[in-house]
Amino acid sequence: MQNGYCGLLWTVFLLFGSSSNCQFEIAVEPYNLGNYYFALTNSLWVASKCKTACIVTQPRPQTIFRPRFQVVLPVGAKLSQNVTKIHGSFYYSVLAKRVPSNSPTIRERINTMCSFVESIHQRLAHHVNDDLAVFIDNNTLVAHIRSGDIFTNVIHKKYWQPPLGFYQFAARLYPKILICSQTRHNPTVDAFYQFCVETRGIENCMLRVGKDIVTDVAVLISAHNLAIGYGTFGAAMYALAKNLKRLYYQPSEEIYLDRPTAMEGEIRCGYTQRVTGIKLLYNETQLTMNKDWTASPQQLAALLLNDNQLIGLRAETNENFI
């Protein structure tokens, strides 16, 4: 009855403009890092739209987003004893049923995290030692190559990853390359590292496979030039980055990046440095053959198409990405 009562009050508010006494608690459920970022920013965005009060909590915070915190919005709102809990924070439609609002854009997600990003960077900074620091300067392409679950036990039919040629093309401007990946199940990982060694020398190449996630994130969000694959993880790394100058992505990433464009004034939590978005296009049918992703041997082999083999490979540059 409580949930129905709250829904009725919201309906009254929307129709007649009267105030609602409903208050909600959104506990961000534990997810993998990329999904957690989207669940957390969904929750913070919804809380910012509350007419009375929304409480956002992290009962089991993902390691990057520690420590636990509680956010009450609007600021200074008085909490009642009668709070309705909302579950399913990764699915924005679930939250919007209780607090009607549009899904946040990537820029709005970034803005909701502004008060937390500095502490995340400060806490992770000591994970970037001197050996890593030389690989996150402006002369390095940092590449995240997704492997792990979608190559083994959690197959998502839409989750085709960029082929070798995507990363080779992105690396053209850079004398150094750093690669982060969870496993070697994606054949692009070893192929791209071997390409780096052959073209730049082993001293200018670093491969991080199966390393601790905290250090990987520390490196990725410190990168000046970042190439990402399809999924929430890469989008989260882009959103949390502070030194980023160039982001390389393929069209499928736009589902998470929302085709962002620059706005006048301060952006990215007060930092005025703009990011250049570089969308790499090619004939994706050549890679996917119009089939769902199943991680079959034939599909794994297709991921090894190099930059000379990809038809129509080119860059579309947006100098004012955000």
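## Basis of the model

Helices (H or I, at least four residues) and strands (E, at least two) are DSSP runs, numbered from the N terminus. The structure is a predicted model, in which local features need pLDDT of at least 70 and side-chain atom pairs count only at pLDDT 80 or more, while totals for chains, interfaces and linings use all residues. Residues are numbered from 1 along each chain as its sequence is written, and side-chain values use heavy atoms, with hydrogens and water left out.

## The largest pocket

A pocket is, on a 1 Å grid over the protein atoms alone, an open set of points where a 1.4 Å probe fits, with protein on both sides within 12 Å along at least five of seven lines, and its lining residues have an atom within 4 Å of a point. Grid points are joined across faces, edges and corners, and a volume is the space filled by probe spheres set on the points.

The largest pocket has a volume of about 700 Å³, and of the 26 residues that line it, Asn32, Arg146, Asp149, Gln182 and Phe233 are the closest to its centre. At least two lining residues come from each of helix 2 (33–48), strand 6 (176–181), helix 9 (213–220) and helix 10 (232–240), and helix 2 gives the most, with 3 residues. The lining comprises 9 nonpolar, 11 polar and 6 charged residues, where Ala, Val, Leu, Ile, Met, Phe, Trp, Tyr, Cys and Pro count as nonpolar, Asp, Glu, Lys and Arg as charged, and the others, Gly among them, as polar.

## The second largest pocket

The second largest pocket, with a volume of about 210 Å³, is lined by 14 residues, of which Lys158, Trp160, Ser252, Glu284 and Thr288 lie nearest its centre. Helix 12 (residues 284–288) gives the most to this lining, with 3 residues, and by class the lining has 5 nonpolar, 4 polar and 5 charged residues.

## Helix 2 against helix 10

The axes of helix 2 and helix 10 come within 7 Å and cross at roughly 60°, where axes are lines fitted to C-alpha atoms, for helices over the stretch in contact, and angles run from 0 to 180 degrees between N-to-C directions.

In this contact (heavy atoms within 4.5 Å), Leu33, Gly34, Asn35, Tyr37 and Phe38 of helix 2 meet Thr232, Phe233, Ala235, Ala236, Met237, Ala239 and Leu240 of helix 10. These contact residues divide into 9 nonpolar, 3 polar and no charged.

## Backbone features in loops

Most residues other than glycine have a negative phi, and most peptide bonds are trans. The peptide bond from arginine 66 to proline 67 is cis, with omega near 0°, and proline 67 lies in the loop between strand 2 (53–57) and strand 3 (70–73). Another cis peptide bond, with omega near -5°, runs from leucine 73 to proline 74, a proline placed in the loop between strand 3 and strand 4 (84–86). Methionine 289, a residue other than glycine, has a positive phi near 55°, and is found in the loop between helix 12 and helix 13 (297–302).
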